[in-house]
Amino acid sequence: MTTTAAKKNTKKDFKKIIPDAFKEYVLEHGDSPKSIFKFSKDLKMKEEEFYSYFTSFEAIKSAIWVEMFEDTLSQIEAQEVFNEYSAREKFLGFLFTWIEILKKNRSYLLSLYGSSSSQLTSLPKEASDFKEKFKDFANEIILEGKETEEIANRPFISEKYDEAMWIQLWFVFQYWLKDQSPRFEKTDAAIEKSVNLAFDLMGKSALDSFLDFAKFMYQSK
């Protein structure tokens, strides 16, 4: 009786199973599934049951983007020292940790986004929720930076800082997709140099960081 009751109470976590199965399909076929009906059938679930969790393949991809963001956030916030970081250090910490999360999904991400990686500011529709969550996080960093005067409060321009940080994050993603260096060392360098440039631009002085970053990009061609 106990075993039977336990089986009845055991419910599959399709909120996790479906994204994992989707990633596995993309890894095996190099593209998204063609039919929700067939994809659901392979998972041994009815199509209408699938819609209880996700309404489209785009919704699954969106959930995967959000999951990678939340995994990054949970890892950096678990570090006690993180709260003591400056705004610049927090953004650096986020990007370095985010790249480590992306590495676990590199083949999946390359399958879906590798061919369009030449367009710096291109944003797939499914990344919009991720962008919104990231900009909330960026605005927290910006507010802290303004309070400590690490970031200058400039009329009109300050309102665009979060969008600038988003463009920078997307640049890092595109750069990483194309990076062929061992251990993605060039991506690490790109993160450090671009963040230093960004915070110098948001702060007082920018010329030295701009020249250093321009030199790095020229030498990396």
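**Entry 1. Ground rules**

I am working with a predicted model, in which local features need pLDDT of at least 70 and side-chain atom pairs count only at pLDDT 80 or more, while totals for chains, interfaces and linings use all residues. Residues are numbered from 1 along each chain as its sequence is written, and side-chain values use heavy atoms, with hydrogens and water left out.

**Entry 2. The chain as a whole**

I counted secondary structure and got eleven helices and zero strands in the protein chain. Helices (H or I, at least four residues) and strands (E, at least two) are DSSP runs, numbered from the N terminus. The order of elements from the N terminus is therefore written α-α-α-α-α-α-α-α-α-α-α.

I noted the extent of the C-alpha trace along its principal axes as about 70 × 40 × 35 Å. Of the 221 residues, 43% count as buried. I use buried for under 20% relative accessible area, exposed for over 50%, and partly exposed for in between (1.4 Å probe, protein chains only).

I then looked at contacts, meaning heavy atoms within 4.5 Å. Among contacts with a separation of 6 or more, 68% are between residues 24 or more positions apart.

The accessible surface is about 13,100 Å², and carbon and sulfur atoms hold 52% of it. These areas come from the Shrake-Rupley method with a 1.4 Å probe; for residues, only the protein chains shown count as cover.

**Entry 3. Charges**

I find 32 positive and 37 negative side chains, with the centres of the two sets 6 Å apart. Lys and Arg count as positive and Asp and Glu as negative, while His and the chain ends are not counted. I placed each charge at NZ of Lys, CZ of Arg, CG of Asp or CD of Glu.

I also recorded a negative surface patch made of E77, D129, E132, D136 and E140. Helix α8 (residues 128-147) gives the largest share of this patch, four residues. E77 sits in helix α5 (residues 57-77). Patches take residues with over 30% relative accessible area and no salt bridge, joining like charges within 9 Å and nonpolar side chains (Val, Leu, Ile, Met, Phe, Trp, Tyr) within 5 Å.

**Entry 4. Salt bridges**

Side chains of opposite charge can pair when their charged atoms come close. My count is eleven salt bridges.

K131 counts as buried, at 19% relative accessibility. Leaving out residues up to four places away in sequence, K131 touches L123, E163 and W166.

Next I checked E126 and K61, which form a salt bridge with their closest N and O atoms 3.8 Å apart. E126 lies in the loop between α7 (106-113) and α8 and K61 in helix α5, so this pair ties together parts 65 residues apart in sequence. E126 is buried at 8% relative accessibility, and K61 is buried at 10%.

I then took two pairs within helices. K16 and D20 meet in a salt bridge of 3.3 Å, N to O. They are separated by about one helical turn because they stand four residues apart in helix α2 (residues 14-29). K16 is partly exposed at 47%, and D20 is partly exposed at 32%.

K103 and E100 form a salt bridge with the closest N and O atoms 2.7 Å apart. Both lie in helix α6 (residues 87-103), three residues apart, about one turn of the helix. K103 is partly exposed at 30%, as is E100 at 40%.

**Entry 5. Single residues**

Is Q174 buried or exposed? Q174 has 4% relative accessibility, so I list it as buried. Q174 is in helix α9 (residues 161-178). Its C-alpha atom is 8.4 Å from that of G114, a residue 60 positions away along the chain.

Most residues other than glycine have a negative phi. I noted two with a positive value. F156 has phi near 70° and is in the loop between α8 and α9. F156 is exposed, at 68% relative accessibility. R183 has phi near 55° and lies in the loop between α9 and α10 (185-202). R183 is exposed, at 63%.

Notes:
Salt bridge = Lys/Arg side-chain N within 4 Å of Asp/Glu carboxyl O.
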